[in-house]
Structures are given as structure tokens and as C-alpha cells.
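Here's a quick briefing to read alongside the structure. Have a look at the sequence and the fold, then go through the points below.

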Amino acid sequence: MTQGAGQEAVVRTATLRDFRVPPYARVPVQGHVGHPGDAFPDDQLPEGYTPTARDLPVINRGDTVQVRVSPSEVPVAPEGLGPLYVVGDVHGYLDELVAALREQGLIDADGNWAAGNSRLWFLGDFTDRGPDGIGVIDLVMRLSAEAAAAGGYCKALMGNHELLLIGAKRFADTPVNSGAGTATFQAAWLLNGGQKHDMDRLQDVHLQWMSRLDAVVEEDGHLLLHSDTTAYLDYGSTIEDVNETVHEILNRGDADECWDLFRKFTKRFAFRDEGGPQAVQELLSTYGGGRVVHGHSPIPYLLGEVGTEDAEGEAARPIVEEPHVYADGLAIAMDGGVTMAGKLLVVQLPLRH
């Protein structure tokens, strides 16, 4: 990783728990072993690779600020609807998801919806890297039906890994146009922790469900989206336009067009540093809302910290215990870094502390 000015090096080497990539996905290059993210020279990142432990830049905790919502700023839920909850990136960690939902009282001991008219939004990235991505999708689909029957709802947004899995299934090794040379969805899926057992269990019903997911939504003054990028602006000037455009692209089934959509949804870190608040304001002024809530970029890297799975005592506790509020309080990061011994976050909005 090339260090820029003011950046800190990530001092921990990713362990197997970080990504749990099957052996077939590892494409060794001389001098590089382990996770497929290591399977290329440092200065030649392949097109379609989502940066992870070895190449994500980090910023110091002092560069960000924790801002809480005061009671006067708390929006009122629409009449007849209950409290609003959001879930960060799951990446196949089904057991952790069930435990987090149960802790919040959203499901019961049997895994059934127990939150009445509450509203639950998943911010995307259900599969890849973790052990049971299809199990996660099956759970979310079932909870969606159960929540609707109880007067609430459980819904989900489109993440870059949903686009990646759809593309790997539909287009496989079909070459796509890339500024960095030849690329394929299949190769990108493997590079990003695609799990063979997920692909083996992937059914048409899963593909249809993922293909219909919205990319952006506004709830109670919160603009919910998966990626911390302004690339959403390329697809429309309203929330409805963005979602319709994304659905049209997926329905047309053009590999190059889907690849471009995937690549734009992998962009990150638009809301950090000096220009971060302005970038968030650009999204808010276009689509509405008072805060952006996103996943995608792991909080441990935004804070310049990573956990370890083999540490003992206090050092073994997940570093991330709550969402990260930054960009002058305008952005809330929800990816607790479950793939790197962090925490799968399920929280109620607005944040109250």
C-alpha cells in the first residue's frame, strides 16, 4: 500500500476470519499468498477489486467527530408506523445477524419477526466473505413477509456486492469494457470474497429479489444508501429516478452497463476529509433528508483501527461498538467491520446518547 500524506499504515495483517475465502478463489502471484486481495502487485489493482485490509487508506480518530442528535432534532415517525432501525453490512455472517436482531428485540428466540409495526432497513451487502450469504438473504426475505403481516416492514437496499453476485451469475466470464483492461464479473466476485457454496445455492428467486432492490430511500429525514459516494447523482436527480434507472440497467442485462454500475457503487470515502460535508450536502440537497446513513466503508478503517480475533481480554473486544458519525455530523457510517473481527451493527434511528 502506498502511503499518502497524513495516512497511517494498517499494522495488522488480515486473518482468515477477515474474509474466509475458499482456496479455489486464491490466485497466487509470485510473492503474494493468502486472500485474493494479495494476488497481484501493489501497484496493479485489478479492475473490479474492492479495497480491503491491504490497501484501504485510513484516517486518524481525531479527523472525525462524534455528533449526537438532540431531542429537538428527532423526527416523528409517520402515523401508524413504529421505530426505525438500520442494519450495516452483513457479508454472510448469519449467526451474528440473528444475534444482533434478537438483541434489539426485532426477532424472537425462534428467529421470527417480533417487532410489530417497526421499520427495518438493511443497507446492502448480504453475501461474500462470510459463511452463509444465501442464508442471510433467505432470512431477510422471510422477515420482510412477516413484518408486513404485522403492520411494519423489513426492506433492503442494493449494495455493490448484490450487483457483483448478480453479475457473476448472469455474465460469468463474459469480458466487460474496463479502463484497466479486460475484466469479468466472475473474476471480480472471486477477488471480493465470493463463496462457492453461495453460488451453488443461488436461485432465481434470490436473483429476482436482489434485482428489485432500491438504491436510495429517505426515511424520517435520513437518506439511506449503501455506498459513501456521490456516484448516485449520475443516475438521477430524484430518489425515484435513481431507483428506476438502476432497475432499468439490470433489466436490460447489458454486461458493460451493469459493470459500470457496479464500479460506481464500489467508490468510497466521499464524505471524509475536508470536502466530506460538502459532498454529503450535495446528496441531501438533491434527494432530501438531513443526514446520510451508509454502509460499505468499514468503520475500523475510517477510524484507523482494526481488531484481532486471537487477542485476549480487553484487547479481544470489538473496537466498533456503535455507528460512526462524521462529516460535521451529516454522515453516519454503519459498517462495523464484521469481516475483520468487528461488530455487525443494528441500531435505532435517530441515534440517542
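Tyr 287 counts as buried, because its relative accessibility is 8%, under the 20% cut-off. Bear in mind that this is a predicted model. Across the whole structure, a search turns up 11 salt bridges, and a few of them are picked out here.

**Around Tyr 287**
- You'll find Tyr 287 in helix 10, which covers residues 276–287.
- Beyond its neighbours within four places in sequence, Tyr 287 is in contact with several residues, including Leu 223, Tyr 232, Leu 233 and Val 242.
- Val 217 is 70 residues away along the chain, yet its C-alpha atom is separated from that of Tyr 287 by 8.8 Å.

**Salt bridges**
- Asp 132 and Arg 201 pair up through their side chains at 2.7 Å, N to O.
- That pair links distant parts of the chain, 69 residues apart: Asp 132 is in the loop between strand 2 and helix 3, and Arg 201 is in helix 6.
- Asp 200 and Lys 196 form a salt bridge at 2.9 Å, N to O; they're about one helical turn apart because they are 4 residues apart in helix 6.
- Asp 273 bridges to Arg 272, with the closest N and O atoms 3.0 Å apart; Asp 273 is partly exposed at 49%, whereas Arg 272 is buried at 13%.
- Arg 119, Glu 219 and Asp 220 are joined in a salt-bridge network.

**Negative patch**
- Glu 240, Asp 241, Glu 244 and Glu 248 gather on the surface as a patch of negative charge.
- Glu 240 belongs to helix 8 (residues 239–252) and counts as exposed, with 57% relative accessibility.

Note on methods. Residues are numbered from 1 along each chain as its sequence is written. This is a predicted model: local features need pLDDT of at least 70, side-chain atom pairs count only at pLDDT 80 or more; totals for chains, interfaces and linings use all residues. Side-chain values use heavy atoms; hydrogens and water are left out. Patches are made of residues with over 30% relative accessible area and no salt bridge: like charges are joined within 9 Å, nonpolar side chains (Val, Leu, Ile, Met, Phe, Trp, Tyr) within 5 Å. Accessible areas come from the Shrake-Rupley method with a 1.4 Å probe; for residues, only the protein chains shown count as cover. A salt bridge is a side-chain nitrogen of Lys or Arg within 4 Å of a carboxyl oxygen of Asp or Glu. Lys and Arg count as positive and Asp and Glu as negative; His and the chain ends are not counted. The place of a charge is taken as NZ of Lys, CZ of Arg, CG of Asp or CD of Glu. Helices (H or I, at least four residues) and strands (E, at least two) are DSSP runs, numbered from the N terminus. Buried means under 20% relative accessible area, exposed over 50%, partly exposed in between (1.4 Å probe, protein chains only). Contact means heavy atoms within 4.5 Å.
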